[in-house]
Amino acid sequence: MTRKSTVGWVALLALLASPLAAEVVFEDPTGDDHGPGGYVYPTDAVYGAGSFDLVKFKFDGDSKKAKVEVTVNTNLGDPWGMDVGFSTQMAFIFIDNAPGGFTEAPPGLNVQFAEGSEWDKLIILSPQQRARVLQEVEAKMGGMLDAVIVPSRTRGNGRVISGSVKGLGGEGDPSTWGFQVVMQSNEGFPADGDLMTRRVNEFEGQHRFGGGNDYMCDPHVMDLLGDQAAQLSYECTADGEAAKMATLTMQKAGS
């Protein structure tokens, strides 16, 4: 075999060994940032209309490295001086890219994932310093800890929150993976064991969403991908226990 043909075979083998890359895009309806149907924003002016209205999600990359983008329905602002281009939002990006996974969600969301929609990796886009986010993850995610990825740098620009990550792992072409994006609010002083999530109460307050329940039986989610009403449907008992927990499903491109 000549040197030229050897180089060609090496290049071919390297190409075949490379992870498959894809650009995956999901569009979401505008004006549905009200959780199961009746949630309302906190009263403080920093929570501007459309701040938690997810309108687009894009994944661009492969199992080794990728960029993720979450687009909301208003221009981002930095009223709390986080210095990354946004303040009030936080997005959880769940990825199903391997057999098995978790049906349990991060504490404070009050949701679960359906069987067959288990998640394997979770990317957290937060305006808080990475060290603080990792500290919270280590303290509160328990057995799910190793599945969480926090970008080294998360940025907001215009209406887009983005971050780049490495080491997603998984199998196959990312266009065949399942995705779910949950819109929450950055909470600097989370309650109890909540993973930096802002709670939803029966009545809205200066920094509390309203339209839910004062107990922990309602989903603390303002918007997500897919059939929102069906996934966020929940029931509470008279004493505030979850009679029916909101159950999320993974979304796949083209389905």
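The face of helix α2 turned away from its buried side carries the exposed residues A131, Q135, E138 and A139. Buried means under 20% relative accessible area, exposed over 50%, and partly exposed in between (1.4 Å probe, protein chains only). Helices (H or I, at least four residues) and strands (E, at least two) are DSSP runs, numbered from the N terminus. This is a predicted model: local features need pLDDT of at least 70, side-chain atom pairs count only at pLDDT 80 or more, and totals for chains, interfaces and linings use all residues. Residues are numbered from 1 along each chain as its sequence is written, and side-chain values use heavy atoms, with hydrogens and water left out.

**Helix α2**

- Helix α2 covers residues 130-140.
- V133, E136, V137 and K140 are its buried residues. They cover an arc of only 100° around the axis, which puts them on the same side of α2. The arc is that of the directions from the helix axis to the C-beta atoms.
- The cover over the buried residues of α2 includes β6 (121-125) and β7 (148-149). Cover is judged by contact, meaning heavy atoms within 4.5 Å.
- G142 follows α2 and has a positive phi, near 55°.

**The open sheet**

- An open sheet is formed by 5 strands in the order β1-β2-β3-β9-β8, with antiparallel pairing. Two strands pair if DSSP finds at least two bridges between them.
- β1 (22-27) and β8 (154-157) stand at the edges. Each has a single partner strand, so one side of each is left without a neighbour in the sheet.
- From one strand to the next, the twist averages 15°. The axes are lines fitted to C-alpha atoms, for helices over the stretch in contact, and angles run from 0 to 180 degrees between N-to-C directions.
- Strands of a sheet pair through backbone hydrogen bonds, either parallel or antiparallel.
- β3 and β9 pair in the antiparallel sense over 7 bridges. In this part of the sheet, A66 stands opposite V165 in β9.
- β8 pairs with β9 (residues 160-166) over 4 bridges, also in the antiparallel sense. R155 has S162 in β9 as its bridge partner. N157 stands opposite V160 in β9.
- The hairpin of β8 and β9 has 2 residues between the strands. Within this hairpin, G158 takes a positive phi near 65°.

**Salt bridges**

- The whole structure holds 8 salt bridges. Each is a side-chain nitrogen of Lys or Arg within 4 Å of a carboxyl oxygen of Asp or Glu.
- E136 and K140 form one, with the closest N and O atoms 2.5 Å apart. The two residues are 4 apart in α2, so about one helical turn separates them. Both E136 and K140 are buried.
- R199 bridges to D194, the closest N and O atoms being 2.9 Å apart. R199 is buried at 17% relative accessible area. D194 is buried too, at 3%.
- Salt bridges that share partners join K58, K67 and E69 into one network. The E69–K67 link has its closest N and O atoms 3.5 Å apart. K67 is partly exposed, with a relative accessible area of 38%.

**Loop residues**

- T88 lies in the loop between β3 and β4. T88 is buried, with 3% relative accessibility.
- Not counting residues up to four places away in sequence, T88 touches V46, Y47, S51, F52, P79, W80, Q184, S185 and N186.
- D83 is found in the loop between β3 (65-72) and β4 (89-96). Phi of D83 is near 65°, a positive value in a residue other than glycine. D83 is exposed, at 63% relative accessible area.
- D192 sits in the loop between β10 (178-185) and β11 (223-224). D192 is another residue other than glycine with a positive phi, near 45°. Its relative accessibility is 69%, so D192 counts as exposed.
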